[in-house]
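Good morning, and thank you for the time. I would like to take you through one model, beginning with a charged pair.

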Amino acid sequence: MSAASRGLISRIRLLSIGLRTATNATTTTNSCYQLRRFSAESVVVDDGCEIDDDGTRIIEARPGVMTPHSKRTGAIAIKCGMTALWDKWGARVPITVLWLDDNIVSQVKTIEKEGISSLQIGCGQKKAKHLTKPEVGHFRAQGVPLKRKLREFPVTEDALLPVGTPITVRHFVPGQYVDVTGITRGKGFQGGMKRWGFSGMPASHGASLSHRSIGSTGQRDAPGRVFKGKKMPGRMGGKQCTVKNVWVYKIDPARNLMWVKGQVPGAEGNFVFIKDAVYKKPDISLLPFPTYFTPDDEDTSELKPLVADLGEIDPFMAAD
């Protein structure tokens with residue numbers, strides 16, 4: 001099938017979807033579609049969304065109501081290091097400190113223009129001489145400062161934010177669960193015992209220079225080969241990993257710091273990506289939607305850290 005045929009079929013499909021949506025406006029009151037004809041003209045089916053003169057949707061930064069099907073954007077953080085707290089039973093609990101360094105929305109992708117609904121988040125600062133010309137052109141076209149790291153998060157249409165909206169640490173709530181994605185520490189070429197946790201060969205009589213060997217890897221005549229994907233020695237680490245259901249212990253709005261329980265992938269100074277947990281979903285009534293909007297009269301430098309509700313007795317005690 002040629003490219004022209006595929007494009008023709010996709011346009012017909014979008015046109016049919018838009019016509020069905022226009023006839024059944026009661027089920028799609030919060031969505032708007034902009035469908036392009038085969039000519040230069042365009043058809044706009046507006047179901048309550050504001051449309052600009054050039055046909056693009058106008059996205060406003062205002063609080064909304066989160067539904068069970070809504071998906072908020074995530075944030076980019078820098079792993080600052082690890083500390084430890086002790087619970088009331090004397091056990092050591094590892095705590096990781098994350099820093100949300102000047103997160104803003106650097107690009108908005110909508111169904112009408114790109115075919116998807118997502119937000120691109122930029123983190124940190126960087127000079128123009130340290131960026132490529134296409135990267136500098138991208139930031140200047142969007143009208144945002146030059147950013148050090150970019151990440152795109154898929155969101156629902158009710159969670160879209162305008163370009164330039166800041167994403168602070170108050171986007172998350174102490175006590176909720178999040179998923180943290182990062183690049184693990186590279187450990188180089190490692191054997192099967194360290195890489196996969198194999199038990200190794202016998203360490204008593206009869207074993208000679210093969211105590212840490214993985215043993216046999218294949219079979220006999222049938223199939224007479226080693227299956228693909230066999231766990232064997234090789235390069236360990238340096239891959240993307242997601243730690244799920246990480247508990248947010250405390251946030252500091254004045255410094256944009258977040259304390260999470262447990263470990264997150266990556267070394268100190270690496271970027272990690274935080275989003276709401278998929279399995280242990282937080283209470284939607286407590287989350288700011290689509291994000292937390294700082295009031296004009298609020299002085300963030302005087303805000304105190306917010307700690308998760310741990311009941312009458314705090315199981316954690318600060319380390320000496």
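Asp102 has a relative accessible area of 34% and is therefore partly exposed; buried means under 20%, exposed over 50%, and partly exposed in between, with a 1.4 Å probe and protein chains only. Its partner is Lys147: the two side chains meet in a salt bridge, N to O, at 3.0 Å. By salt bridge I mean a side-chain nitrogen of Lys or Arg within 4 Å of a carboxyl oxygen of Asp or Glu. Lys147 lies in the loop between α2 (133–142) and β7 (149–154), and Asp102 in the loop between β4 (92–99) and β5 (103–109), so the pair ties together parts that are 45 residues apart in sequence. Lys147 counts as buried, because its relative accessibility is 2%.

Before I continue, a word on the source. This is a predicted model, in which local features need pLDDT of at least 70 and side-chain atom pairs count only at pLDDT 80 or more, while totals for chains, interfaces and linings use all residues. Residues are numbered from 1 along each chain as its sequence is written, and side-chain values use heavy atoms, with hydrogens and water left out.

How many salt bridges does this rule give? The count comes to six. One of them joins Glu298 and Arg170, whose closest N and O atoms are 3.3 Å apart. Glu298 sits in the loop between β14 (271–276) and β15 (306–307) and Arg170 in the loop between β8 (166–167) and β9 (177–183), so this pair links parts that are 128 residues apart in sequence. Both are partly exposed, Glu298 at 23% and Arg170 at 22%. Another pair is Arg62 with Glu60, the closest N and O atoms being 3.1 Å apart. Here Arg62 counts as exposed at 55% relative accessibility, and Glu60 as partly exposed at 35%.

I turn now to the secondary structure. The protein chain has three helices and 16 strands; helices (H or I, at least four residues) and strands (E, at least two) are DSSP runs, numbered from the N terminus. Four strands form an open antiparallel sheet in the order β7-β6-β5-β8, where two strands pair if DSSP finds at least two bridges between them. Because β7 and β8 stand at the edges with a single partner strand each, one side of each is left without a neighbour in the sheet. What packs on this sheet? Helix α2 does, touching β5, β6 and β7, and its direction makes about 85° with that of β5. Contact means heavy atoms within 4.5 Å; axes are lines fitted to C-alpha atoms, for helices over the stretch in contact, and angles run from 0 to 180 degrees between N-to-C directions. Within the sheet, five bridges join β5 to β6 (residues 118–123), and Val108 has Leu119 in β6 as its bridge partner.

For the chain as a whole, buried residues make up 36% of the 320 residues. Among contacts between residues at least 6 apart in sequence, 69% join residues at least 24 apart.

Finally, confidence. The mean pLDDT of the chain is 84, and 80% of its residues reach 70 or more; pLDDT is the predictor's confidence in each residue, from 0 to 100. Over residues 21–48 the pLDDT is below 50, and beyond near neighbours in sequence this stretch has 44 contacts in the model.
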